Amino acid sequence: MNLIHRTLLAGLGLLALVACGTESAKDRSSAAVESRGATQAAIPAPPKKKPLNGLPGMPPVLDPKDVYAADRPGKLSPVVKDFPSRVYVPNTESDTVSVIDPKTYEITETIPVGRQPQHVVPSWDLKTLWVNNNRGHTLTPIDPKTGKAGKPVEVHDPYNLYFTPNGKYAVVMASLDRELVFRDPHTMKRIRTEPVSCYGVNHADFSLDGRYFIVSCEFSGELLKVDTERMKVVGQQKLPFDGAMPQDVKVSPDGKRFYIADMMAHGMWVLDGDKFTEPTLLPTGKGCHGLYVSRDSREMYVSNRGEGSVSVFDFRKNRLTKKWHLPDGGSPDMGGVSADGKVLWLSGRYDAEVYAIDTRTGEQLARIPVGSGPHGLAVYPQPGRYSLGHTGIFR
């Protein structure tokens, strides 16, 4: 083969290689795209978060990690946004409700009610305040828009009052009758009665999914677990402390624990509500009584009635971080947090007074004389979509 032939063959080979190379690059590019597509198709979609299997009819939980997510500062429902801000104080020995203007710390009105009013309770739909006249066997409705009381409704032994999370029933804690009475939340007509074997059914709170609630039995030192939909007691246990006297009940923001104040054990019981196993005691102070969650869901204020103090519990740190002492002592009992979260209001059960406490510093802002035996006062309105009852448990 001469030089010309060799040169021609080499050139043709080079062209072939260039052509093959160009075609191969295209093929590789297409193959890479196809390969990426195939790889993407092969990656399974992230599993969908299992929806909370809540009580039928209950408004959806806003945040599964925070049951109090609807209670942020100033987040008032359209139902209550035009209601005047007031503090309603039931005076058990005076048979009256003192109404306080929280801006001036002055009593604007004194409302006569039935015998031995124990708690002022916001209704599930937020439209009515019910005064629990325990020994008068009535509920007095108050219109929070006008501040006027309506015609009392006959209800036997209404020591305390709650509402199921779906708004279907009112639940009367008939302490001396030893009953949980499920009633129509508007007419208060009796629908079902669940007898209990413990003494002094008292306070309660509901699980994250609303399917059960934990009840304290004050006089026999016991706890009940109640199936909300079946309206039936499904668990009962004696607290592991001789002479226990459980009071207020609150669920943790993540719904994993219940806290039960105990005025004789001088602390809070910490309970796994789902398992309903034996709880552990966290000492807080003498006469531990009321439990109130801060507007940011980070802390809980614990009133220690027997020593005139308030302990502050940090949910994330899982421990007490502060203790505030009322400057002149007192008997801080039941109450609630202001709509903006800046003031904790508590009744002085044995001192005929009400305390306003700065939630940032623990400083006493006011000490207001009221009637005799002030008990379950309600700060109203408060943020939230609906009320579970007591002095204001909102979701």
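Biologist: How many cavities of 30 Å³ or more does the structure hold?

Modeller: This is a predicted model, in which local features need pLDDT of at least 70, side-chain atom pairs count only at pLDDT 80 or more, and totals for chains, interfaces and linings use all residues. Residues are numbered from 1 along each chain as its sequence is written, and side-chain values use heavy atoms, with hydrogens and water left out. A cavity is a set of points, on a 1 Å grid over the protein atoms alone, where a 1.4 Å probe fits but cannot get out. The number of cavities of 30 Å³ or more is 2.

Biologist: Which strand gives the most to the lining of the largest cavity?

Modeller: The largest cavity has a volume of about 180 Å³, a volume being the space filled by probe spheres set on the points, which are joined across faces, edges and corners. Its lining, meaning residues with an atom within 4 Å of a point, holds 17 residues, and Val 293 and Arg 295 are among those nearest the centre. Strands are DSSP runs of E with at least two residues, numbered from the N terminus. Strand 21 (288-293) and strand 25 (332-337) each supply at least two lining residues, and the one that gives the most, with 3 residues, is strand 21.

Biologist: How many residues of the lining of the second largest cavity are nonpolar?

Modeller: The second largest cavity, of about 90 Å³, is lined by 14 residues, including Val 61, Leu 208 and Tyr 386. Ala, Val, Leu, Ile, Met, Phe, Trp, Tyr, Cys and Pro count as nonpolar, Asp, Glu, Lys and Arg as charged, and the others, Gly among them, as polar. With 1 polar and 2 charged residues set apart, the nonpolar count is 11.

Biologist: Is Ser 297 buried or exposed?

Modeller: Ser 297 is found in the loop between strand 21 and strand 22 (299-304), and its phi is positive, near 65°. Buried means under 20% relative accessible area, exposed over 50%, and partly exposed in between, with a 1.4 Å probe and protein chains only. Because its relative accessibility is 8%, Ser 297 counts as buried.

Biologist: Which residue of strand 28 is the bridge partner of Glu 353?

Modeller: Two strands pair if DSSP finds at least two bridges between them. Strand 27 (residues 353-358) and strand 28 (residues 364-369) pair in the antiparallel sense over 5 bridges. In strand 28, the partner of Glu 353 is Pro 369.

Note on methods. Helices (H or I, at least four residues) and strands (E, at least two) are DSSP runs, numbered from the N terminus. On a 1 Å grid over the protein atoms alone, a cavity is a set of points where a 1.4 Å probe fits but cannot get out, and a pocket is an open set with protein on both sides within 12 Å along at least five of seven lines; lining residues have an atom within 4 Å of a point.
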